[in-house]
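This briefing covers a single protein chain and its fold. Please look over the sequence and the coordinates before reading on.

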Amino acid sequence: DTPGLQLFWGAGPLGATPLRGVLETLSYSAESIFGGYKGSVVLLTDGNDTCDFATPTPQQYTQLTQALTDRGIKTWVIGYNYSDDTAPLDAIAAAGGTGLMQHLAVGDEAALTAAFQSVVDDWKLCF
């Protein structure tokens with residue numbers, strides 16, 4: 001068992017959206033999740049953070065994501081049928097170390113597949 005992954009095991013597609021919580025857990029658990037290696041994360045969401053009583057600012061998302069980037073962990077962001085304020089997703093994307101300044105916006109399964117393919121293509125460039 002990897003303690004840092006427990007947050008993700010119980011997450012389903014119809015639950016809440018813990019954007020800040022996920023980024024914090026990834027940052028605090030990076031060593032147990034990735035070991036001493038660099039890594040990649042794909043953050044797929046359909047809405048803004050619904051688990052935080054005080055709505056995080058884009059700057060807070062930037063700081064949390066930068067902590068991952070500083071550990072060699074790249075973060076890609078995909079917004080699926082996302083209709084909320086895009087500033088949080090764009091802040092995460094810009095700090096994600098991928099060279100993207102905005103999240104990948106998709107609205108259907110074909111676009112989602114294409115977005116994942118673009119992420120995989122970027123990964124291939126690293127090998």
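The model is predicted, and side-chain atom pairs count only at pLDDT 80 or more. The protein chain holds six helices and three strands, arranged along the sequence as α-α-α-β-α-β-α-β-α.

**Whole chain**

- The protein chain has 127 residues, and 35% of them count as buried.
- Taking contacts in the protein chain between residues at least 6 apart in sequence, 72% join residues at least 24 apart.

- The three strands form an open sheet in the order 1-2-3, and the pairing is parallel.
- Strand 1 and strand 3 are the edge strands, each pairing on one side only.
- From one strand to the next, the twist averages 20°.
- Seven bridges join strand 1 and strand 2 in the parallel sense; within this part of the sheet, S40 has K74 of strand 2 as its bridge partner.
- Strand 2 and strand 3 are also parallel, with three bridges between them; G79 is partnered by A105 in strand 3.
- Strand 1, helix 4 and strand 2 together make a β-α-β unit, which is right-handed.

**Faces of strand 1**

- In a regular strand, side chains alternate between the two faces of the sheet.
- The covered face of strand 1 carries G39, V41, L43 and T45, while S40, V42 and L44 make up the uncovered face.

**T45**

- T45 lies in strand 1, which spans residues 39–45.
- T45 counts as buried because its relative accessibility is 6%, against a cut-off of under 20%.
- Leaving out residues up to four places away in sequence, T45 touches T17, L19, I78, G79, Y80, Y82 and L89.
- Y80 is 35 residues from T45 in sequence, yet the two C-alpha atoms are 6.0 Å apart in space.
- A polar atom of the T45 side chain sits 2.8 Å from the backbone oxygen of G47.

**Helix 5**

- Helix 5 covers residues 87–95 and is mostly covered, with seven of its nine residues buried.
- The buried residues in helix 5 are P88, L89, D90, A91, I92, A93 and A95.
- These buried residues of helix 5 pack against helix 2 (19–28), strand 1, helix 4 (58–70) and strand 2 (73–80).
- L89, one of the buried residues of helix 5, is among the residues that T45 touches.

**T98**

- T98 belongs to the loop between helix 5 and strand 3 (104–106).
- With a relative accessibility of 19%, T98 counts as buried, since the cut-off is under 20%.
- T98 touches K74, T75, W76 and A93, not counting residues up to four places away in sequence; of these, A93 is buried in helix 5.
- The side chain of T98 has a polar atom 3.2 Å from the backbone nitrogen of L100.

Note on methods:
Residues numbered from 1 in each chain as written. Predicted model: local features only at pLDDT ≥ 70, side-chain atom pairs only at ≥ 80, totals over all residues. Heavy atoms only, no water. Helix = DSSP H or I, 4+ residues; strand = E, 2+ residues; numbered from the N terminus. Buried < 20%, exposed > 50% of the residue type's maximum accessible area, 1.4 Å probe, protein only. Contact = heavy atoms within 4.5 Å. Polar contact = N/O pair within 3.5 Å; in protein donor to acceptor, adjacent residues only side chain to side chain. Pairing = 2+ DSSP bridges. Axes fitted to C-alpha atoms, helices over the stretch in contact; angles between N-to-C directions. Right-handed = clockwise from strand over helix to strand, strands pointing away.
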